[in-house]
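Me: Got a structure to go through with me. Can we take it piece by piece?

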Amino acid sequence: AQLRRLAYDGRSRDAYRLAVALRPGVPFRDVYDEGAAAIGVGVCINTGEGWDELERWCETTMQAAVRSRDHSAAGIAGLGLSTLRYAQGRFRDASRWLAEAQLHYELHDAFGLLVITYAYQCAVAAITGDAAAARVALERCRAAVRGEPPPANQLPHLRWAEAWTAVADGDPARGWRVMLDTAALVS
């Protein structure tokens, strides 16, 4: 809770320091470790703090998680590496890490992060001009949503996937409308 509060209050450096302090080792012990790792990765990605260190942590975590069959840790590490690559414009690498995250989240996904994985797959497919792949990822994203209406942690990612798929289908205006309508809902 403190980590989220610091991030949402705009105290990115404090949030980053706490995220690093809370990073669990592999194997993750419980949902608290999973949550701290997932939120910590998000803090780093969204604030731009500590990307080099995050990359090292994700790579080390991925190796240890695969060895110990910790699908939660591997999913979080894969999603972390994929979002880093996405932000760097390295879409082929992002796609590879998204496939890895998907594999692990299909086996264990305590927080519904598979929705985020599929949403990024929609974005990568749209950016690389693969409308068919964007539509497939969107359908998977919709199927992975846990409830109707979608939970607050999944709704923005689902709408982002819908917007990117509209762009992939050649209708960027519809994509903008989806994002603006979503912003009005969550603000």
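Me: What does Ser72 touch, not counting residues up to four places away in sequence?
Reply: Ser72 touches Phe28, Glu34 and His108. Contact means heavy atoms within 4.5 Å. This is a predicted model: local features need pLDDT of at least 70, side-chain atom pairs count only at pLDDT 80 or more, and totals for chains, interfaces and linings use all residues. Residues are numbered from 1 along each chain as its sequence is written, and side-chain values use heavy atoms, with hydrogens and water left out.

Me: Which side chain has a polar contact with Ser72?
Reply: Glu34, at 3.2 Å. A polar contact is a pair of N or O atoms within 3.5 Å; within protein, one must be able to donate a hydrogen and the other to accept it, and residues adjacent in sequence count only if both atoms are side-chain atoms.

Me: Is Ser72 buried or exposed?
Reply: Buried, with a relative accessible area of 5%. Buried means under 20%, exposed over 50%, partly exposed in between (1.4 Å probe, protein chains only).

Me: And where is Ser72 found?
Reply: In helix 5. Helices (H or I, at least four residues) and strands (E, at least two) are DSSP runs, numbered from the N terminus.

Me: New topic. How many aromatic pairs in the whole structure?
Reply: Four. Rings of Phe, Tyr and Trp (its six-membered ring) pair if their centres lie within 6.5 Å; planes under 30 degrees apart count as stacked, over 60 as edge-to-face and the rest as tilted. One of the pairs is Tyr86 with Tyr120: centres 5.1 Å apart, planes at 80°, so edge-to-face.

Me: Which parts does that pair tie together?
Reply: Tyr86 lies in helix 5 (residues 71–87) and Tyr120 in helix 7 (residues 114–127), so the pair joins parts 34 residues apart in sequence. Both tyrosines are buried. Tyr86 also pairs edge-to-face with Trp160, at 6.0 Å centre to centre and 75° between the planes. Trp160 sits in helix 9 (residues 155–168), 74 residues from Tyr86.

Me: Which residues form the aromatic cluster?
Reply: Tyr86, Phe91, Tyr120 and Trp160.

Me: What about Cys122?
Reply: Its closest cysteine sulfur is in Cys141, 5.9 Å away, also too far for a bond. Cys122 is buried, with a relative accessible area of 0%.

Technical notes: A disulfide is a pair of cysteine sulfur atoms within 2.5 Å.
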